[in-house]
Amino acid sequence: MDKIRHLTLLLILLLISFDVLAQEPASRTPGRRRIDLIYADFGYFETDKKTGEDWQRLVGSVDLKHVEITMKCDSAHLFPGRNQVRAFSRIHIEQGDTLDIYGDHLLYDGATTVAVLSGNVELVDKETHLYTNAITYNATDEIARYSDSGRITNGDNTLSSRIGIYYVNQTLFHFKDSVKIVNPDYVMTADTMDYNTETETAFFTGPSEMKGDSIYLYCEKGWYDTKNKKTRIWENAIIDNKQQIIKGDSLYYDESIGYGEAFRNTSITDTNNKIIVKGNYAWYFKTPERFTVTDSAMFIQIDMTDSLFLHADTISAITVADTTPDGYRLMRAFYGCRIFSEDLQAKCDSLAYSFQDSVIRLYMAPVLWSQENQLTSDSMAIFTKNSKADRMELFNSAFVASQVDSLRFNQIKGRTLTGYFRDNELYRINIEGNGESIYYLIDGENIIGMNTTRCSSIEILVEDGKINVINQFGSPEGVIDPPSLSPETNPKLKGFNWFDGIRPKEKLDIFK
């Protein structure tokens, strides 16, 4: 009897299908195609007593098809007049070779090709799995939406948000409200984000933040390739790779090799050594640490009382290997170097700063100013301690000059010079070899004499930035003459030059 009943049901369904096809040929418009019943264990025809609408109750291994999608479930109500189906329990929608959607309840409209699923919903597209309470899927546009929180797994990433849209053709998710990506290496949060499931790339369209053991990132626009660990970000962009903090209008960083670039208004901050390097372009490597900054480049040695500012055309740093595990940093500046601090200013063509011995070496016509004193030589070395000048050494043609009045200058020269600092202020100068000096004697505001001396070495004591005492050693020869009645004829030692016109007198002067 059961076999006869099943055969009778199938015959009736086939007759209905043939009758429908004869009366209404299938249109090329997908919305007018009818939902087809492929199989059901049992089927019953019923009529709604209120509306008079005919519908079918389908039970057991229900299989339906509409256009390019198939729908399977445990039971369903099929409404031919409305071209709709309501399905229950173990629902499975398939479209194409890769898209599958599962749920507990389904309402599908054949006119709009919109499916509304609820209850333990799971969308699977290749390696991407979406879990949510309810989803709306447009089969024609291939767009899925949820608004009651969703969780996506893709590769090593787990993504969640309150609102989401999935564009199947583009393999692209659009997330909004409480967006989070959890990866074994970091956690990324945002208010709005797009995510490509094929490339595993996150696109930032609002304030976004990433925190990990080896990296911190913030921006308001940009993208991050989670598979290859590459990113380009802009708008208040910050990258902290735990060795450097990089800022700029636009940043690029490849975490896999620790390489990055920064464009416009860039800065690289080393908090361990209390230095900042700024410019409009920079490239950098995390390990071994090295960088180059150009275009309005500026180096800042931070100090609570007197920071040092350096400008040059190009500023770079490399890590030099030595006996220590990490080596040491060597910083270089090229072309048109200018240095400013409250107590020291300098100018040269190029310089090098070794973090191993904390020495700044100035090359090619260097000039250094300490309060009222100008110092020049062929090359210089400034030795620092705790970010402050400790002593300096001038090599070949050392020259010290200070202004007495508009036309007179104290002048001291020799082969080499060593200067000593206390709290960044020059207090003693020793000159060795072929010492010469011209020093004006002053009583109150009056110049009373001019002391001209030659000797092998000279010691100069400085107080409050002024030359206070000059001691000559090694067979000194000198005379004291009255000051010249014609200031224009006051003598100058060979090699004298006065560079006050190029002295940086404030921080911004280093760019002049």
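A cavity is a set of points, on a 1 Å grid over the protein atoms alone, where a 1.4 Å probe fits but cannot get out, and lining residues have an atom within 4 Å of a point. The model is predicted, with local features needing pLDDT of at least 70, side-chain atom pairs counting only at pLDDT 80 or more, and totals for chains, interfaces and linings using all residues. Residues are numbered from 1 along each chain as its sequence is written, and side-chain values use heavy atoms, without hydrogens and water.

Three cavities of 30 Å³ or more are found in the whole structure. A volume is the space filled by probe spheres set on the points, which are joined across faces, edges and corners.

| Space | Volume |
|---|---|
| Largest cavity | about 210 Å³ |
| Second largest cavity | about 40 Å³ |

The largest cavity is lined by 18 residues, of which Leu308, Ile360, Thr384, Ser387 and Ala389 are the closest to its centre. Among the elements giving two or more residues to this lining are β23 (290-301) and β31 (388-403), while β26 gives the most, with four residues. Strands here are DSSP runs (E, at least two residues), numbered from the N terminus.

The second largest cavity is lined by Phe299, Leu308, Leu310, Met331, Ile339, Leu351, Tyr353 and Ile360. Two or more residues of that lining come from each of β24 (308-320), β25 (328-340) and β26. Its lining has eight nonpolar residues, with no polar and no charged ones; Ala, Val, Leu, Ile, Met, Phe, Trp, Tyr, Cys and Pro count as nonpolar, Asp, Glu, Lys and Arg as charged, and the others, Gly among them, as polar. The lining of the largest cavity divides into 10 nonpolar, six polar and two charged residues.

How values were computed:
On a 1 Å grid over the protein atoms alone, a cavity is a set of points where a 1.4 Å probe fits but cannot get out, and a pocket is an open set with protein on both sides within 12 Å along at least five of seven lines; lining residues have an atom within 4 Å of a point.
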